[in-house]
Every structure is written in C-alpha cells, then in structure tokens.
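Keep the structure open as you read.

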Amino acid sequence: MADMEKFRSETRAWLEANCPPEMRKPVTGEADVFWGGRNTTFSSEPQRLWFERMRDKGWTVPDWPKEYGGGGLDAEETKILRQEMSAIGARLPLSSFGIWMLGPALLKYGTDAQKREHLPKIAAGLIRWCQGYSEPNAGSDLASLQTRADVDGDDYIINGQKIWTSMANFADWIFCLVRTDFSAKKHDGISFILFDMTSKGVSTKPILLISGKSPFCETFFDNVRVPRSHVVGTVNRGWDVAKYLLQHERSMISEVGERRGARPLGQVAANSIGVDERGQLDDPMLRSQIAAFDIDEAAMACAAERAVDLAKAGQGHPAYSSALKYYGTELNKRRYEILMSAGGVDALEWESERSREGLTARTWLRTKANSIEGGTSEVMLGIVAKRILDLPGA
C-alpha cells in the first residue's frame, strides 16, 4: 500500500509538471485529438509536447511491456495513472485503434517478430491503423464475410470489399479479416492479416453520413499482394483473434458513455438556460433528466473500472464487454439528447462559427451510429441474455 501511495504521489507530481495547461481543457473538436501516423501533424505546440512527454515515459500505453514501448505498469499502477489524469482533466496523449484494438490482439496472438515490428510503432504514434471487418453483406453476421485471400507462393492475393471502415482514408495500415478457406465452415475458414494501405490495389471511398461528416469509408482490395507471414495467429483460425479484438472494440465504444473531462451537463445547460434565485437550473424537468444522467454516468464509470479489475485478475466474463458497449452507447445518446434540449434553438445551428460548425447537432446525429458500430444494440442484448443471464433461446 505504501508503494502505491508513493507511486500516486510521484505520478501526480509528474503530471502536474509535464501536462500543459492547454491539454487539461475539454476536447472541443477533432483538432484536439491526436491520432498519430506517418503524415502526422500537431494542432498546437502543447499537443506535441504532451504527446512526446507521455511517449517518452511509455505512458501512451502504460500497461504494455517496456520492450514494446509501453510503461510496464501493473494493473493497480495503471488505474492510479488514469485516476490522476482524470483528476486534472488531462487529455489522452494519443488516440489509436492500434492501442485500443490491435495491440491487445497482437500481445495475445502475435509472433515475437510481429510484436517487435508493430507494437513499438503503435506506442510511438508512428503508424495509424484501421479495421477491416464489416462487408456490405456481412455486418452483424460478420463470419459470412467474402473477402478472399488466395495463396500465391509466399504471398496472399486479396480481393474484396469492406465497409464502415473508420477513417480508412487516413490510415497507414489495416488489420483485416479475410477468407482463406471457402470449403470450411464459415467460422473456421477466416484468417486475420495485416497489410499496408499504400499497397497496390487498395482504395478507399468516404461515406457521407447524415451529420454531414465522413468518419467511415468503403474500402476496396483489387489483387492486393500481402506476405503470408503477416497473418496473426493460426491460418483459418482468425475468428479466435477477431472475437478477442471485438471485446476490446466494444469496451472502447462503451467509453463514449464516459464524460472524460468534458464539462458537466449541468454547467452546459446553466450557461444556455440560466439559473433560478436558488442557483439551480431554471428548468426542473431538464434538471431532473441531468440528475438521473449523472447518476447513471457514475454507475457506468464504476462498472467499467470493475470490468478492468476483473479482466486483469483473469476473472472477466467474455460477454461483459457487450453489456458495457450497449450501456455506453445508450448513455452517450442520452447525453446528446440532453445537450440538444439544453441548447434550444441555438443547438440547431449547422454552420456558424458560434456553434463551431454545428458541433453539437452533428455529434447528436453521429451518436445514432453508436447503436450499430461494433455490433448492433440488438445483438449486444442477445449476447447479454444468452451468455450472462442464461435466458432460454427463442
């Protein structure tokens, strides 16, 4: 216990000395998020300093082994670091699908050569990754995917299409599910493979959403040549890797339900609506909604922390991430419903400078996709019913 208190004290002092004041403010737009990559740019000098200091400390991935660019922290130390970052409102130094999804899969299933090649680059923000899972006819039933990889000497030749590929047009590499055996049962003929997005035959096309923004793409593979050594795990057993990665993806999506340094809803609403003579939000119905939301948000944070503790102790339920994903999705949708209510007519502004090009309205529309990405809410509820609650099937 004394060692943990010492670590907390030292961590608090280090963060206080090294996190620039500008990096302790709530994220207000995409420019405030650093994704890394080959052609990376920083939106400000404080953003660069914060990233580089955390990278050099190994704290972009604090719980990864030091040999792969991580901080080598144990579960308790990692929790303390996150608590101390939250206490000062520190932004994430690096956002990355490599950290949230691919990294854990590589740590579990990758060869030593694959780990040494890719993990340090992820930790250092040198490569930006995207995920090649869903296809036009393989969404919730992902295992019915048809993108194929045919053997040609030491390579695979990949042909097919992926859809809803988040930020594929900005990505350097992709982790992708392909079918390597069409004669096997659909879950048994899939392989998990990595390749460069600049490879000949790879192309992307952004998908315009109702929000007017385009984080998703269609991604096409036309005779893309990839070394067979880029398969992660066992050939034709990629579904094992895919399922493990999905647990981390769903946990990541569930975190959209957490405020993560954003201003409390009560403050946002008070600035828009005003307060009464007692200093309370001058709208009792909205005040009640915000109070209920704050309670549920706190409960979500506790549940997510418990899930991490159970996973680190080897006691985590593999379907728990589905419950968190569902609840985090619903919580985030509620947050923006409240923000829209609090903003009134002003929240409907779409292009003005005052509304930052309609940030609230566009984000409110974007939250609707939370119910689909990473597994639909209906699928998540089905998993919870079957695997956690042990309810009988229909």
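Counting salt bridges here (a side-chain nitrogen of Lys or Arg within 4 Å of a carboxyl oxygen of Asp or Glu) gives 26. Before we look at some, note that this is a predicted model, where local features need pLDDT of at least 70 and side-chain atom pairs count only at pLDDT 80 or more, while totals for chains, interfaces and linings use all residues. Residues are numbered from 1 along each chain as its sequence is written, and side-chain values use heavy atoms, leaving out hydrogens and water.

Start with arginine 38 and aspartate 196, whose closest N and O atoms sit 2.5 Å apart in a salt bridge. This pair links distant parts of the chain, 158 residues apart: arginine 38 is in the loop between helix H1 (2–18) and helix H2 (45–57), and aspartate 196 is in strand E5 (residues 190–196). (Helices, H or I with at least four residues, and strands, E with at least two, are DSSP runs numbered from the N terminus.) Aspartate 196 is buried at 16% relative accessibility, while arginine 38 is partly exposed at 38%; buried means under 20% relative accessible area, exposed over 50%, and partly exposed in between (1.4 Å probe, protein chains only).

Now try helix H5 (residues 112–123), where aspartate 112 and arginine 116 are about one helical turn from each other because they are 4 residues apart. Their side chains meet in a salt bridge, 3.1 Å from N to O.

Finally, glutamate 349 pairs with arginine 354 in a salt bridge, with the closest N and O atoms 2.2 Å apart. Arginine 354 is exposed, at 59% relative accessibility.
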